[in-house]
Amino acid sequence: MTEFLQALILGLLIGGVYALLASGLTLIFGVMNVINIAHGAFLILAAFITWSIWRETGLDPLAAIIVLTPLMFAFGWLLYNLTVRPIRRAPPAASVLLTFGLALFLEGIMGVIWGNTSHSVRPSYSTESFEIGELFLPKAQVYGGLVAIVVLASLYLVLTRTWLGRAIRASAVNPQGAELVGVNVAAVAALTFAIGVASAGAGGAIASVLYPFLPGSHYQWIARLLGIIVLGGMGSLPGAVIGALCLGVAELMTVTYIGPEWATGVPYVFVFIVLLLRPQGILGTRLREDVATA
Amino acid sequence: MTGSSSTAAATGTLQGGGAPPSAAPSKALRSPWTAVIALAVLAVGLFPVFSDDLYYQNMFILSMVFAIGAVGLNVITGYAGYISLGQGAFIGLGAYAVGICVGDIGGSPWVWVPVAGVLAGAVAALLGVVAMRARGHSFVILTIAFLFLVQLLATNWDSLTNGTGGITLPIPTWSVDYQYWPFYYSLMGLLAVSLVASWWIRRTKFGMGLIAIREDEDKAATVGVSTPTYKILAFVSSAVFVGMAGGVYGYYISFIDPLGMFNILLSVQIILSLLLGGRATLWGPVLGAFIIEWLNETTNNEFGGGNARLLIFGGLLALVVLFLPQGIIPTAQSWIERWRSRGKAGLAGERLTGIDLYKRPAPRAEAPPVTGKPLLEVKGLEKRFGGVQAVDGASFSVPEGSITALIGPNGSGKTTVFNLIGGTMAPQAGEVWFDGRRIDGKPPWQRAHLGLGRTFQITRLFREMTVLENVVAPLRGFHVRLLNTDAVSGREARRAEELLEFVGMRKYRDVRASELSYGQQKLVELAQILMLDPRLIMLDEPAGGINPTLIERIGEMIRELNADGKTFLIVEHNMPFVLGLCNPVIVLARGTAIASGTPDEIQRDAQVLDAYLGEDFRLEEPVKA
């Protein structure tokens, strides 16, 4: 029972971090119909930058979020305008291939700068745990999960309480309609992409404390995040949160009861099962295709 | 343009998504191309005989492995439009099949190469089954998950694969004098077979169905293309030879491990080969593969591989998507085409004015006697979208031989009813009966085979196909032999031309559908479903958004076809058109049929006036046609 409870709590905490990372991905998909395969690479990049900051200044990696978020926001905005924007009107396949190319390119750059060895950020509390009864909760996991929830909550507030948030949601639901009521959809798309990348920045800083990483880790991350948004329903923010929590718990349960070497397989199995049984995911809706605009 | 033979004209344009639509240039292009290709094949084929340079033999061998992978990928990505980032997995599966069989059962690796092909084909069929419900982005995600999942299995299933330790294959037994010849020529043979398969697919109904799926999958189903069958066959044919090539490749490099065999860079190189060379072309994937492998070797030698490969392939992938989306061969073709057609005016822009003389096409079969019994019956149909009850217990019937109208205010559920009858959507409750058979539950293509043809409110032609190809695309049945018939046979082309003549679009035969005006597309779509020779023709707003002359003309065509025994069900807002042409008229409001009767009765029905026509409705004058 303790074992189960431990796995459940740790799964939910890590699920919070996944939720933050997946929200950025699902937001970008929802607004511009782009599957950003480079999302994993963005978060590993953020993890490496966090590592460098921590190494040079000793700044706590979770505090580094304050630097990482605006930095990655600017990076995302720039990258969108340089690469994704020109192919806005191209078939959806183009954006998948483009961001896949970007992911490989970033992996190469990270390999050149930081080397292809495993890195991890180890602040003083990384070896300590909270002990509650028989439960051992590593402090890094607890702090990481809580910070992720705070960042995610502020993202949610931005989306629901600000004009920009309304513009983003309007563009997601109906781009032409949003354009008609005065939303500059192209500019909103750039900001959305930047926000998505910024959330990967914050999530990457947190992830750097939780998992060791190397440039090639981004494949595993993107597979995990794709599994989450497929499960939750692509483009749905609450769906991403639910999917993330499910995946976090499922991974921890797999580690506990089946074996750690199979944990990476959980998201792939998610993808297969969801696409077979409920292709629209938990919270996804099937759109009316008959009224699609010409 | 109309001078060339119709078959050549049609298949010529299937060469590439972006290939020029007209037949003559691509035909003329063929001769210099053929010479270049023949020389290249000869050079690669004779290379090991005249040179013992192992560096280049190795490079050609790897190029051919990628080429086979890319030619296979072309079937699903180029023809059917499904992007896969996991194509490399089939190479790994093939290699593992050979490695495991040799290790556990014994024998020469060559013996097991066909087994590798069968395994790859079987796995691809499974993937196809999952992909039946996943399109676009979901499918891409599925292929990534697939690649990583097989890699994980190969890593963790120690007892079968020896995990990360990998499998070592026996050293070749032939004399060193023959160098890599057996690998070289067996791969060359496999590449040749793959290319023949690709060529065959492109020129048959099979390939045409795949292209229809690429252009508009739902529409393809409504014109009789059995989409899941086509997709699964496409997946299998995209994997079998790749699996066999993987088996040879595994033997060639003699060591098989999860990281090497299921490396995502292998998939990247395959997809880059296809994109660079040109999707949906025959030789594009081969050209691309030789360029990519050369780049691969150069990167390894000059920059030490590793990160440099990531930078070069990642960067190249992004650059190709941004700046060369069509690939080398289609881009070159369109340059040549543009250079040749300088100063010539096209057909597009010509206007249809007045009513040309046209003759109605001979009906394919004797019209069944008109009995007046219901041909189509709809009972208690219901369809909800989330909280919206779009169709709420609609019941009506369409008498055989009639021109029945379905009218009603916007949002009353007319188009949804059409989709439920045609099978693009499934109702939550209710029944649809066609010609005494219950058809709700049948997929759209089977309904098309039974004799149900429909057009769409917003025209949905296959945009990259020519007008003629669009008209011959519909299929009136499914059997295996059909897959092997020519995409455009002479008899079909003649029939299609008759139909095009009938709708007055014959002159536009070789124009690409995306270049037509909206009204012209409506006419072609009508000819397209007439090719199905349907018993019931369902038209969704045939008079919407087109000029009055054309409306009159469409009305006339409907009458003519009706005289030949075709039954019509028409959704339309143009009241003069409907009331002058149709009888009976069914009125739909809030998802239910509220009235049905002759035009006169409908115009006087209090409920109808209230719900739709308005109390002051007065028909000025019915369209005379």
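Modeller: This is a predicted model. Before we start: a helix axis is a line fitted to C-alpha atoms over the stretch in contact, and angles between N-to-C directions run from 0 to 180 degrees. In chain A, the axes of helix α10 (residues 237–257) and helix α11 (residues 266–277) cross at roughly 125° and come within 10 Å.

Biologist: What makes the contact between α10(A) and α11(A)?

Modeller: L247(A), A250(A), E251(A) and T254(A) come from α10(A), while V266(A), P267(A) and F270(A) come from α11(A). By class these are five nonpolar, one polar and one charged. Glu counts as charged, so E251(A) is the charged one.

Biologist: How many residues do chain A and chain B each give to their contact?

Modeller: Chain A gives 42 residues and chain B gives 38. On the side of chain A, α4(A) supplies the largest share, 17 residues. That side has 30 nonpolar, seven polar and five charged residues.

Biologist: Which domains does chain B have, and how far apart are their centres?

Modeller: The assignment gives domain 1 (6–334) and domain 2 (374–459 + 533–613). Their C-alpha centres lie 47 Å apart.

Biologist: How do you know that domain 1 and domain 2 of chain B touch?

Modeller: Residues count as in contact if their C-beta atoms lie within 7 Å. Eight residues from domain 1 of chain B and eight from domain 2 of chain B take part in the contact.

Definitions and conventions. Residues numbered from 1 in each chain as written. Chains lettered and ligands numbered in written order. Predicted model: local features only at pLDDT ≥ 70, side-chain atom pairs only at ≥ 80, totals over all residues. Helix = DSSP H or I, 4+ residues; strand = E, 2+ residues; numbered from the N terminus. Contact = placed C-beta atoms within 7 Å. Domains from an automatic or database assignment.
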